[in-house]
Each structure stands twice: as structure tokens, then as C-alpha cells.
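Today I am going through one model from its overall fold down to a single helix.

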Amino acid sequence: NNSKGDSRGALIVLEGLDRCGKTSQCSRLLPSLEGLGHSVESWRFPDRNTGVGQMISAYLSNQSQLDDRAIHLLFSANRWEKRSLMEAKLKSGTTLIVDRYSYSGVAFSSAKGLDLQWCKAPEVGLLAPDLVVYLDISPEKAAERGGYGGERYEQLEFQRKVAQSYHTLSDASWKIVDATLPIEDIETQLKEMAVDCINTCKNGKSLSHIWS
Ligand code: FDM
């Protein structure tokens, strides 16, 4: 389909514990891929700009209390409300670099003790990433990095559980990057992985659904 000019963009997801450096790497990857002539957008979940996103934001900053399952479903709804735009962007050839996705959804909620399969269920049918990069750092090292911002989940004990959940969730397709390497080295690795992934998608890899 390359020759017809209808090739699609890639869905690239970055995951990891709080303070692993995901957000900095997303903002570095965007201009570096644009510099290569790719159409790219940077997204993040939760997307706090929607109505659902504002409820999530209030919860994270401890301004509201919600049942563990209710907040789980709100995080999921926040992805569902962006799904059709996501699909349209990808189909029009734009690559999306996404800071957190369904894996955060399942890792954080199951770290509270919710059943893993129950947590995955509302995610089924969302678009599957073409690449998941996990920025790997120990909870202890992450906690040493300039301290947490004070949101609900930013506590060492909880982050230890989240790390375990991520470990359970990960599969052989994930690219694990050592998040303690110098920023530039991580950036170089990510760029290479992203370019590879973009080319695979251009060459006809089809979009699929997560966990189905
Ligand atoms: N988080 C994020 C969840 O618990 N579930 C989700 O589905 C998502 C996307 O929200 F602690 C948690 C992870 C993190 C918090 O994320 C806010 P950012 O990246 O700090 O905005």
C-alpha cells in the first residue's frame, strides 16, 4: 500500500513507573521523528482535558474519592473517548507517541488488589500498540529522582506493587529500556525502535485490537 500513498502511522506507547523519564523521552522523540519527515503527534493518558479526564485529575490530586473499580473504568473510558480520533489519525498516516496506555490502567489498578482479568476486560477492543517501550527503573531509584509530585499513586510502597503488575503484564514483544542510562542514550535507542516500527507499519502491518 506504500505505493498508493495510503500507508498508516504507528501507535507507539511508552510505559513505566512514575519518574522513569517517559514524559521527557516523549517530548524528545516527537521533534526527532518530525526531523526525519514523519507526521507525528504526542498524546498522553490520562487525557485530563476531557470531562472524564477532569474527574480523573480531581481523583489523582485527592480532591475527590472514588471506588477503585469506578476510577478504573473512568481511566478506560478516557481511552475509549479518544479511540475513534486515534484510529483516524493513524489511518491518515500520523504516528502517535503515547505516554501511558491500557498497561498503566491495568498495572495501577491491579496493584490495588483488583483482579487482573477484570482490569483488562474494559480495554478489549481498543487499538493495540505497534510498539510498547517499557522504561525500566527500580521503584527505589525512581523515588530518589527529585521526589514525587504528591499525587495519589506517588508512593514508594505502591510503586513497588505497580512494578510487579507491569512485570506480570509484559510480554516478549515489549522493548525494555534501562531508564537509568544517560538521557541521550535512551533517546537514541527509542528513536531507532520508533523508526523501525514506523517502517513496519508503512509496509502494510495492519492495525489490531488489544487483548482480543
Ligand atoms: N494511571 C494512568 C492509572 O492509574 N490508570 C491509567 O489508565 C492511566 C493512564 O495515573 F500515577 C495513573 C498513573 C499515574 C497517574 O499519570 C497519572 P501521569 O502520567 O502522571 O499523568
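**A77 and the overall fold**

I started at A77, which I found in helix α3 (residues 68-91). Helices here are DSSP runs of H or I with at least four residues, strands are runs of E with at least two, and both are numbered from the N terminus. A note to myself: this is a predicted model, where local features need pLDDT of at least 70, side-chain atom pairs count only at pLDDT 80 or more, and totals for chains, interfaces and linings use all residues. Residues are numbered from 1 along each chain as its sequence is written.

Zooming out, I counted eight helices and five strands in the chain. From the N terminus their order reads β-α-β-α-α-β-α-α-β-α-α-β-α. Of the 212 residues, 35% count as buried.

**Helix α8**

Next I looked at α8 (residues 183-202), whose 20 residues should span 28 Å at 1.5 Å a residue; the end C-alpha atoms are 28 Å apart, which agrees. The expected span is 1.5 Å times one less than the number of residues.

I noted I186, L190, A194, C197, I198 and C201 as buried in α8. Seen down the helix axis, the buried residues of α8 fall within an arc of 100 degrees, so they line one face. That arc is taken over the directions from the axis to the C-beta atoms. On the face turned away from the buried side, I found the exposed residues E184, D185 and E192.

What covers the buried residues of α8? The cover includes β1 (11-16), α1 (22-34), β3 (95-99), β4 (131-136) and β5 (175-178). Contact here means C-beta atoms, placed from the backbone, within 7 Å.

Last entry: just after α8, G204 takes a positive phi of about 110 degrees.

How values were computed
Buried ≥ 20, exposed ≤ 12 C-beta atoms within 10 Å, placed from the backbone. Contact = placed C-beta atoms within 7 Å.
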